[in-house]
Amino acid sequence: MKSAMAKPLHAVGGLSLLAHALRAAEAIHPAELAVVVGAGGEAVSVAARKEREDATIAEQTDRLGTAHAVLAARETLARAEGDAVVLYADTPFIRPETLRAMAEARAKGADIVVLGFVAETPGGYGRLVVANGALEAIVEAKDASEEMRAINLCNSGVMIAGAANMLDWLSAVGNDNAKGEYYLTDIVAIARAKGFSAAVVECEEAETLGVNSRADLAAAEAAFQARARTRAMAEGATLIAPDTVWFSHDTVLGRDVTVEPNVIFAPGVTVADGAVIRGHSHLEGCTVASGAIIGPFARLRPGADIGPKARIGNFVEVKNATFAEGAKANHLAYVGDAAVGAGANMGAGVITANYDGVFKYPTTVGEGAFVGSNSTLIAPVIIGEGAYIAGGSVVAADVTSGALAVGRSPLVEKPGIGARLRSKLLAMKKAGQKKKGAL
């Protein structure tokens, strides 16, 4: 990956590759979950325990192959009473349904079940050697004969077997191969030689997509987005230009939501039925209620809670703030750490000055209040219900309900001075002189 960050921590759909794999595992309700990390894998360990607090961390100090990696979790395997499932942190798209199908095949009598797929171009994938419907062996591409390379049923690496048996078979794996590594795939032949049965469950090739480079990561993101867009439309959302809309793993869109081009849904977004997200908007960690209109060119940051039929317009940024039903900020505003009441209007250029460099402070705008354009509300401050704030005001104190507040400096007018000043400046310009300083 050529990165300072461990490969499993790179993200697809706003969720790390590791988290994708762990969430797939959770779908089959594992009693224990062990995560094998390489030397210096502290960040991976932290991420794993963020997903599941009781995850066991096993360190693989030397990287001697996949069987060696699984054996790093020897203690977990030794105390496990049921089956063990092997998943990979760089293979994010294994579906819970697939894992359940493998568990069913295991329950029907197969001692070991391997997940396979038919590859259009098998290339460097390990081949699954099947005879009479039973899996005989897995052969790595570098060790395969010409005849075996012609096989297009390939190994995903995902497998399930009894934990005790898996530990026994792993202990018998050697490293007599082209790479001098201990291959997990060898346990199939070892199991078969000891009289155990092996089976294959097949899935689509796309499900086994692995990430080993930035190009792979981009391909994984593209695959994720394609599925997310298809799912959103199937569930009743309208995407005007689907290829320009970007989803996160947890994006929720209601029915009859309309999403215009070039919208990004970062993690933590829920949009209710009938809302409209106009073009070039960015949403993260927020909720949008039914009938609300967002954008174009709007930014909703974490904690934004936009109520029914509210409007957040172009070049408006909302952070940790609620807009009640019908409230509006139609253009060029920043509203942070605030509660805006039903039907209230935040004019163009309005900002809540909520931060003093150390602490954040709240602003409350009452129901039906009107905040005129280019006003600054210096928090903490309360604007009462139905109050009017005159345009251009700086408000640093509470305003009572129904009041009109004007917070401008008085306008000073000096008759004739403007014309004389302009004549003087034009003369200086003609003479090639420059004025020193502002007016």
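This is a predicted model: local features need pLDDT of at least 70, side-chain atom pairs count only at pLDDT 80 or more; totals for chains, interfaces and linings use all residues.
User: Where is Glu260, then?
Analyst: Glu260 is placed in the loop that runs between strand 13 (258–259) and strand 14 (264–265).

User: Why is Glu260 classed as partly exposed?
Analyst: Its relative accessible area is 26%, and the partly exposed class lies between the buried limit of under 20% and the exposed limit of over 50%. Glu260 therefore counts as partly exposed.

User: What does Glu260 touch, leaving out residues up to four places away in sequence?
Analyst: Glu260 touches Ile240, Val245, Ile277, Arg278 and Gly279. With Gly279 there is a polar approach as well: a polar atom of the Glu260 side chain lies 3.0 Å from the backbone nitrogen of Gly279.

User: And what separation is there between the C-alpha atoms of Glu260 and Gly407?
Analyst: Those C-alpha atoms are separated by 39 Å, and the two residues are 147 residues apart along the chain.

User: Changing topic to Ser248: is it buried or exposed?
Analyst: Ser248 has 6% relative accessibility, so it counts as buried. This residue is found in the loop between strand 11 (238–239) and strand 12 (252–253).

User: Which backbone oxygen does the side chain of Ser248 reach?
Analyst: The side chain reaches the backbone oxygen of Phe265, at 2.9 Å.

User: On to helix 8. Which of its residues are buried?
Analyst: In helix 8 (residues 186–193), the buried residues are Ile187, Val188, Ile190 and Ala191. They line one face of the helix, because they fall within an arc of 165 degrees when seen down the axis of helix 8.

User: Why would residues three or four places apart point the same way?
Analyst: An α-helix has 3.6 residues a turn, so residues at that spacing point the same way.

User: What do the buried residues of helix 8 pack against?
Analyst: They pack against strand 6 (112–118), strand 8 (134–139), strand 9 (153–162), helix 7 (163–171) and strand 10 (198–202). Just after helix 8, Gly195 adopts a positive phi of about 90 degrees.

User: Last topic: which residues make the nonpolar surface patch of about 420 Å²?
Analyst: Phe370, Tyr388, Leu404 and Val406 make that patch. Of these, Tyr388 sits in strand 32 (residues 388–389) and counts as partly exposed, at 46% relative accessibility.

Technical notes
Residues are numbered from 1 along each chain as its sequence is written. Side-chain values use heavy atoms; hydrogens and water are left out. Patches are made of residues with over 30% relative accessible area and no salt bridge: like charges are joined within 9 Å, nonpolar side chains (Val, Leu, Ile, Met, Phe, Trp, Tyr) within 5 Å. Accessible areas come from the Shrake-Rupley method with a 1.4 Å probe; for residues, only the protein chains shown count as cover. A salt bridge is a side-chain nitrogen of Lys or Arg within 4 Å of a carboxyl oxygen of Asp or Glu. Helices (H or I, at least four residues) and strands (E, at least two) are DSSP runs, numbered from the N terminus. Buried means under 20% relative accessible area, exposed over 50%, partly exposed in between (1.4 Å probe, protein chains only). A polar contact is a pair of N or O atoms within 3.5 Å; within protein, one must be able to donate a hydrogen and the other to accept it, and residues adjacent in sequence count only if both atoms are side-chain atoms. The arc is that of the directions from the helix axis to the C-beta atoms. Contact means heavy atoms within 4.5 Å.
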